[in-house]
Amino acid sequence: MSSGAKKHTRIDSLLSISHEKDVDGLGAAAIVWRYARAKGLKFDVILTDYGSFEKVFKKVSMRKNTLVIITDLGMDESLLDLITEALRRAISQGCKVVWLDHHQWSMKSIQSILSLPNKPILRVNHDYCAAEIAFKTLMPRDSVSEEIAKIAHDTDFNVREIESANAISDALTVTRFNAISSKQDMTEALMKILTDLADGGPANVWDEQTQQFKDNLLNMQVKNYRKERLRKMKKALDTYCDQMIHGCLVRVIQLPQGVTTTDFGNFMANLDNLNSDGRSMKIADLLITVSQGGLLGFRRGSDKVLCNKAAHLFNGGGHPYAAGGEYGSYSEFQDVCNDIFLRLSNSTEWLSSCNDAE
Ligand SMILES: [Mn+2]
């Protein structure tokens, strides 16, 4: 070797950056943590959400000799230059970048990351959730990581078959709501669940035998949260608008405060809930939730409709089975219903059978 050969510094630490909002992001971070342990790397984690990338990548740009692993976060296109520059700087200080995700990536964003020095790894696959990609890429022979990936898949694809997945999802929601209302740092607030998950997988957080959380305080918090959530969702059934449009039953309903669209969507897709307390309602083909601030959630009760195409009529997007959009602030709920029905009547794009030509 010539003395002029590039000096390689050793990677001695790992910085995990993952999505704070769901079990997939949390699970991916737990798997990355297990990887750090297996490799003997000092571990740091930042759990974050879109809108905070500027702050997060500033921290990344100051790292030295660090393996930076980003999971369950897509590229924020409006910050593409800032993000690539932060990564470039980190790489020049001996860092290496691995980005594992399952969201939509533009060609431009993919190329920006892949053209960085020191062979960055970017793996984007829509068929799996991020925790599954982390498991397959980093810890394929680790059974605990496999269990974590399973519960992430169950919640991310809304399969809802694993009890511990539902429980941990609710625990995450409670903890996040508490952190937001007390203005606590999100990573700090979620550290206990993340640590327990990384130490021993879902079984270390939720006891299948007793159907309880191992942490008593968390157990009580989630129990109260579920009780309160059920009360609010039942109450929300007092006001809604139904209309048949292009042969589909469309329902608009107000999203109760402190309830996630996914939870409310699941509640509204269960006939038992719709046919209690003297009610008899059908499951809507298309359910649209309206939040207090005028955000819209789209869920479907049949595959006759495409939620992403419906959301597209309201400045939004997402998946065929779940999407989000925007209405804007309002005062009369009935006006919102009328507007939404009118816009859906004027389009057939959101019907799946009309979309075959695409
Ligand atoms: Mn995800």
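## The sheet

Let's start with an open sheet of 5 strands, ordered E2-E1-E3-E4-E5 with parallel pairing; strands pair when DSSP finds at least two bridges between them. Strand E2 (42-48) and strand E5 (121-124) form the edges, each pairing on one side only. On average, neighbouring strands here are turned by 10° against each other, direction ignored. Such angles run from 0 to 180 degrees between N-to-C directions, with axes fitted to C-alpha atoms, for helices over the stretch in contact. Helices (H or I, at least four residues) and strands (E, at least two) are DSSP runs, numbered from the N terminus.

This is a predicted model, where local features need pLDDT of at least 70, side-chain atom pairs count only at pLDDT 80 or more, and totals for chains, interfaces and linings use all residues. Residues are numbered from 1 along each chain as its sequence is written.

Strand E1 (residues 13-19) runs parallel to E2, joined to it by 7 bridges. Among the partners in E2, valine 45 bridges to serine 16, and threonine 48 to histidine 19.

Helix H1 (residues 23-39) packs on this sheet, touching E1, E2 and strand E3 (66-71); contact asks for C-beta atoms, placed from the backbone, within 7 Å. The direction of H1 makes about 170° with that of E1. Together, E1, H1 and E2 make a right-handed β-α-β unit: with the strands pointing away from the viewer, the path from the first strand over the helix to the second runs clockwise.

## Two domains

The protein is divided into domain 1 (13-216) and domain 2 (237-355), with bounds from an automatic or database domain assignment. Their centres, taken over C-alpha atoms, are separated by 30 Å. Domain 1 brings 4 residues to the contact and domain 2 brings 5 residues.

Technical notes. Contact = placed C-beta atoms within 7 Å.
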